[in-house]
Amino acid sequence: MKPFLTHEIGSLAKPNWRIKAIKNEKLDEEDLKEAIKWAEFLNLKKESEKLFSILNKRINFTKEEKKEIIYFSSLFATKLIEKAGLDLVYDGEQHRVEMYEYPVKNIEGFEFKGYVRSFDNKFFKKAACINLPKLKNFYHLEEFKTISSFTKKPIKIPLTGAYTIMDWSFDEYYIKNIYEENFYKRKKLAREKFLYDLAETIIYPNLKKLKEEGAKFLQIDEPAATSKSDEIEIFINSLLKSIKELYKDTFFSIHICFSDYKLLFPFLEKIQGIVKEIHFEYANRDTKEIGRDKEKRIGYKILDDLKNFDFIIGLGVIDVHTDFIEPKELIRDRILYAYEKIKDPYKIFVAPDCGLRTRKWEIAYEKLKNMVEGKEIALKEIGF
Amino acid sequence: MKKVFLNGIYPYDENLILKLIDFEKGRTSYEKIQEEFRKNYDLIWELQKDIEYKSDGLLSWHDLLRPFSEIIENTKVLGLKRYFETNFFYRKLFFDKKLKIKENKINEWIENYFKIPDENSKRIIILPSPLLFLEFSENIKLKSICEIMEEIIDAILSKRKGILFFEDPVILKREILKEEKDILRKFYKKISSKTEVIVQTYFGKIDKAINFLFSLDIKGIGIDFIRNEVEKIKSWDKDKILVAGIVDCENSYIEKKEEIENILNKLREKVEEIYLSGNCDFVFLPRKIADEKFKIIKNLA
């Protein structure tokens, strides 16, 4: 492992030419220009001739053509991350709809019920479990194989965890099969059963297959982990049921964001040695001022508690909800503030707070490039 | 008239959501969005046509605090904070030390955030409780929140008739300090002298808060009966109405009629005046399911 190893968290925005083509909307001149611009920037012009010729059709793409379009958006995104200089690479979820809808579509027993609000005017399609969940296919395998063909760098595959899938779904199946008069107890028992079934029959087989195919870095995304304070223990149990023996020769990280992290601390010991990296969001809570005193680095307060555990700290240094390009000096100070607490550059991984899907590629690239440059300055300062 | 409240923020229908997604991507116009909003308001009024106190579903509210950022001078809208146990996020507000209402904007603000179907309609005027306000704010004290809310409430009541409905999950989530209780007692007493007040609690067990709630000078208390057992209500203050949250607004499972009737029958043995509502805001459900659940309680009321 490298000191202050850098990686992305998951999503990148999807290019307009990909979104429109998949949705059967007509592409305009700007969409084509955008594809050419990024192909040039990423030195992919020659390889992209096939893409340009498909996109020139503008509308009515065949199933095969849509597959090619996804292939190229995956190639572009992977190369964007590579060009920004990150140590672990990924394609920013170009194969997926998003982190919830995509896995749920690949599991039998779910039915989409409609949109619900997440914040402001952001919504997500929420499904209900209406029957026993069953894996339709290993839904991240093709993605892993495709990205592997693009790069020699190590790849990290993120995967939505069992707790988040359970918590973000309604339950109409398990609740009907639990006999308990107290409605709340009945609901809780149903959730627990639902969760463990997802961990054992959906997440574990997916992780196992990815490992068998050569994946070395697997990230379990659990943004919902702390949303119910009385369910932290079952969340931790679900991680153990999802990973089982796979931790022995695979690097597992867990990503949790916009949460009350303190709720996790009484239970973290149980996953020490199994989950290697714990990644939280910090930059969103931090000031934008350069400096290493605790007032300026207010977003990194939780490190005082986290340093007592044996995990690699996945350090969010980029706020994903703003177009503000963090200067490399700010990145440097966020990293070095953490280094003063953790004392070991191999126990800090540097990353954005979360996936960058709400930012344009231009912004995401500048942010990631500065993240890498900020890391280099930080390393130099501590003598690496 | 049906004894039902359409409590909290109500979800948009799918057409409006799809238009909003398109709008953000530059694929539709502002006028088309407004057209969908108008249709959504019409549906909300239709849903409540046989209900005395009507809500506009808070359709123009992003969360229960955000409108206040537009009416209190120098308020900054901050980052996201999870709304208790849900997957819904609020934005925290940061206040200037000197709290002041934007006097020249207040009428327009009320028109925008407290809509009514016609001039004679009574509103269920939904607001965050002072404790909820505090939970999602920075650089402001409870006493100052109560003071500025009093001013805002006076302005609202000069334009709208109705019942005030304070949403308060916080009261069940943490210990309320003695000095906070004193401030809240005074606040609710003052507000109750102007109109009827209900404090709606949810997301927790009522046990520890019930005596304090009974001691408040308010017309009614809302309880989340998805999380609370009826048996825990040993006795009820006869002067207060109960707003019973008896459909689960966090799950799409449609309760069987007998499941709800079972709770309701037990409650009727203990409480004289009962209004029905969702256990919390309906916004956590897709619109179609919210409508279905709301119709269930309307039919039972």
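**Strands, helices and cores**

Mentor: Strand β8(B) pairs with strand β9 (residues 241–247) of chain B in the parallel sense, over 5 bridges. Before we go on: this is a predicted model, where local features need pLDDT of at least 70 and side-chain atom pairs count only at pLDDT 80 or more, while totals for chains, interfaces and linings use all residues. Residues are numbered from 1 along each chain as its sequence is written, and chains are lettered from A and ligands numbered from 1 in the order in which they are written.

Trainee: What makes β8(B) and β9(B) a pair?

Mentor: Two strands pair if DSSP finds at least two bridges between them. β8(B) and β9(B) have 5 bridges, so they pair. One of those bridges joins I223(B) to A244(B) in β9(B). Strands themselves are DSSP runs of E with at least two residues, helices are runs of H or I with at least four, and both are numbered from the N terminus.

Trainee: Which strand pairs with β8(B) over 3 bridges?

Mentor: That's strand β7 (residues 197–200) of chain B, again in the parallel sense. Here I198(B) stands opposite G220(B). From β7(B) the chain passes through helix α9 (residues 210–215) of chain B to reach β8(B), and this β-α-β crossover is right-handed. The word right-handed means that, with the strands pointing away from the viewer, the path from the first strand over the helix to the second runs clockwise.

Trainee: What makes β8(B) "mostly covered"?

Mentor: Of its 5 residues, 5 are buried. A residue is buried if 20 or more other C-beta atoms lie within 10 Å of its own, exposed if 12 or fewer, and partly exposed in between, with C-beta atoms placed from the backbone. On one side sit G220(B), G222(B) and D224(B), on the other I221(B) and I223(B), and both faces are covered. In a regular strand the side chains alternate between the two faces of the sheet.

Trainee: Over in chain A, is L379(A) buried or partly exposed?

Mentor: L379(A) has 18 C-beta neighbours inside 10 Å, so it counts as partly exposed. L379(A) belongs to helix α12 (residues 361–381) of chain A and touches P3(A), F4(A), P345(A) and F384(A), leaving out residues up to four places away in sequence. Touching, or contact, means that the two C-beta atoms, placed from the backbone, lie within 7 Å.

Trainee: How do you know that the length of α12(A) agrees with what a helix should span?

Mentor: The expected span is 1.5 Å times one less than the number of residues. For the 21 residues of α12(A) that gives 30 Å, and the end C-alpha atoms are 30 Å apart, so the two agree. Among the buried residues of α12(A) are W361(A), L368(A) and A378(A). Their cover includes α2 (29–41), α4 (63–84) and β9 (348–352) of chain A. Just after α12(A), G383(A) has a positive phi of about 90 degrees.

Trainee: What makes something a nonpolar core?

Mentor: It's a set of buried Ala, Val, Leu, Ile, Met, Phe, Trp, Tyr and Cys residues joined through C-beta atoms within 7 Å. The largest has 109 residues, and L198(A) and V350(A) are among those touching the most other members. A second, separate core of 86 residues includes I145(B) and Y275(B).

Trainee: How many residues of chain B are in contact with chain A?

Mentor: 27 residues of chain B, facing 28 of chain A. α1(B) gives the most to chain B's side, with 4 residues. That side divides into 13 nonpolar, 6 polar and 8 charged residues. Here Ala, Val, Leu, Ile, Met, Phe, Trp, Tyr, Cys and Pro count as nonpolar, Asp, Glu, Lys and Arg as charged, and the others, Gly among them, as polar.
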